[in-house]
Amino acid sequence: MAQLKSFSSSHSPTTFAFHGPERAHQACWSRKLNSTLELGARVNELHGNACVSIRSNGPSVGSRNKQVIRATLPSYKEPEISEATSNKGLRGKLKKVVLAYSGGLDTSNYGCEVVCFTADVGQGIKELDGLEAKAKASGACQLVVKDLREEFVKDYIFPCLRAGAIYERKYLLGTSMARPVIAKAMVDVAEEVGADAVAHGCTGKGNDQASFAIPCLTIVPSVRFELTFFALNPKLNVVAPWREWDITGREDAIEYAKKHNVPVPVTKKSIYSRDGNLWHLSHEGDILEDPANEPKKDMYMLTVDPEDAPNQPESVKIDIVSGIPVKVNGETLSPANMLLELNRIGGKHGIGRIDMVENRLVGMKSRGVYETPGGTILFAAVRELESLTLDRETMQVKDSLALKYAELVYAGRWFDPLRESMDAFMEKITDTTTGSVTLKLYKGSITVTSRESKHSLYRQDISSFESGDIYDQADAAGFIRLYGLPMRVRAMLGSS
């Protein structure tokens with residue numbers, strides 16, 4: 001095991017306890033270079049010594065054991081209570097809190113021990129770097145990092161894909177699907193460390209992302225987190241500092257961080273508020289707040305501008321079993337690695353850009369731009385295969401339920417019995433959605449070039465314009481008369 005450099009501090013020497021070997025980190029999305037999407041591996045270093053976040057299989061995600069690193073940070077004799085939270089909420093009433101964390105704002109100042117928790121759902125290296133310094137400055141007693149990428153794709157993304165869940169015609173639920181897997185892991189960690197509370201940093205304004213995009217607390221949607229907490233462990237207390245302290249906005253929070261010497265790699269002039277994971281990257285704020293403004297070309301990070309995409313199209317074949325993708329171009333991949341590969345391919349061709357004004361849960365409208373290259377490819381493939389395997393009535397019912405399914409996921413009701421029951425229906429109804437679809441990608445567009453299934457309801461001998469034994473053209477006359485009977489009766493009443 002690598003030797004770790006302990007924090008220099010006026011307190012007693014700090015040690016790090018590792019549960020499992022340190023591994024290399026796989027970046028799931030990164031800034032584009034030379035107009036292409038680059039996905040690669042890199043070690044997440046702590047002062048150049050070792051990696052706090054665990055990974056198992058080198059440059060790819062692969063199957064792995066769920067391993068966690070706990071870093072024991074400086075402990076303080078008495079937790080101080082910040083003036084920002086005095087006389088409010090649960091301050092002083094809790095023993096230990098698990099905090100959704102990507103770097104913290106003086107988290108020790110709540111009068112209890114704080115366990116910082118960070119989940120890797122594919123947000124990339126940048127958001128996982130520097131946790132040591134922030135946790136140290138925050139006074140946290142423990143740091144827990146969990147790799148949730150495979151679980152995220154397999155147990156959350158794929159069910160939504162199978163259901164055809166799209167919110168308000170466009171949004172592929174990238175952030176909405178990530179929150180319950182993170183919240184569930186927080187509940188698990190709370191049980192492991194004996195915490196009596198969990199905490200998040202949402203503002204309560206909106207649902208996908210808070211108004212103040214500061215990577216000090218993991219700014220996450222209150223409803224989605226807390227409904228998961230309620231569903232999985234209703235005895236846990238929930239702490240939401242933004243509701244209790246006197247900090248009212250982005251600039252206040254940055255000033256607060258500076259005052260308490262918490263490293264915050266943003267400034268008051270930072271523009272876009274972003275949320276990224278293996279499925280997507282969202283952009284909000286700045287000029288996007290005016291729906292009349294076109295996004296700037298350099299805003300996009302996962303996808304090249306379709307105008308700059310290759311002049312030659314690329315075909316990609318997706319193999320699907322019971323509504324779930326299993327292969328890309330003939331290669332069997334784990335769920336997370338499949339998305340990595342499709343993000344690479346789709347991003348190169350400018351696939352998956354969505355610009356929309358959506359209705360948030362709290363009632364306001366919000367404009368966001370989403371990049372979902374791999375997800376857009378998968379949705380196109382599954383939907384196209386269903387055109388072969390589902391009959392008209394089944395497809396219509398599935399599509400109508402997909403709207404409600406998406407609404408439940410968007411609203412944070414992942415563990416609601418209604419969504420779980422609908423998921424059972426979706427699993428049953430797509431049992432025969434097995435086959436392959438070939439798509440052509442070209443400058444931001446997706447064209448279906450082939451679809452095949454052994455369960456196809458399409459019969460060439462019936463659909464052909466040539467005469468056949470199964471379909472008799474003469475049968476149409478009687479059908480049309482019966483089908484049009486209500487219209488004839490209504491017309492007869494009008495003429496009498």
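**Reading salt bridges and a pocket**

Trainee: R413 has a relative accessible area of 32%, so it is partly exposed. Which residue forms a salt bridge with R413?

Mentor: Here is the general idea: side chains of opposite charge can pair when their charged atoms come close. In this predicted model, R413 pairs with D416, and their closest N and O atoms are 2.8 Å apart. D416 is buried, because its relative accessible area of 17% falls under the 20% cut-off.

Trainee: How many salt bridges does the structure hold?

Mentor: There are 18 salt bridges. One of them joins the side chains of K154 and D155, at 3.3 Å from N to O. K154 is exposed at 52% relative accessibility, while D155 is partly exposed at 34%.

Trainee: Which pair links distant parts of the chain?

Mentor: Look at D120 and R149, whose side chains meet at 3.6 Å, N to O. D120 sits in strand β8 and R149 in helix α3, 29 residues apart. D120 is buried at 0% relative accessible area, and R149 is buried too, at 1%.

Trainee: Let's turn to the second largest pocket. Which residues lie nearest its centre?

Mentor: They are G164, I166, R383, D399 and A402, out of 14 lining residues. Helices α3, α9 and α10 each give two or more residues to that lining, and α10 gives the most, with 5. The pocket holds about 260 Å³ of space.

Trainee: And how many of the lining residues are charged?

Mentor: The lining has 5 charged residues, alongside 8 nonpolar and 1 polar.

How values were computed:
Residues numbered from 1 in each chain as written. Predicted model: local features only at pLDDT ≥ 70, side-chain atom pairs only at ≥ 80, totals over all residues. Heavy atoms only, no water. 1 Å grid on protein atoms, 1.4 Å probe; cavity = no way out; pocket = protein on both sides within 12 Å on 5 of 7 lines; lining within 4 Å. Points joined across faces, edges and corners; volume = space filled by probe spheres on them. Helix = DSSP H or I, 4+ residues; strand = E, 2+ residues; numbered from the N terminus. Nonpolar A, V, L, I, M, F, W, Y, C, P; charged D, E, K, R; others polar. Salt bridge = Lys/Arg side-chain N within 4 Å of Asp/Glu carboxyl O. Buried < 20%, exposed > 50% of the residue type's maximum accessible area, 1.4 Å probe, protein only.
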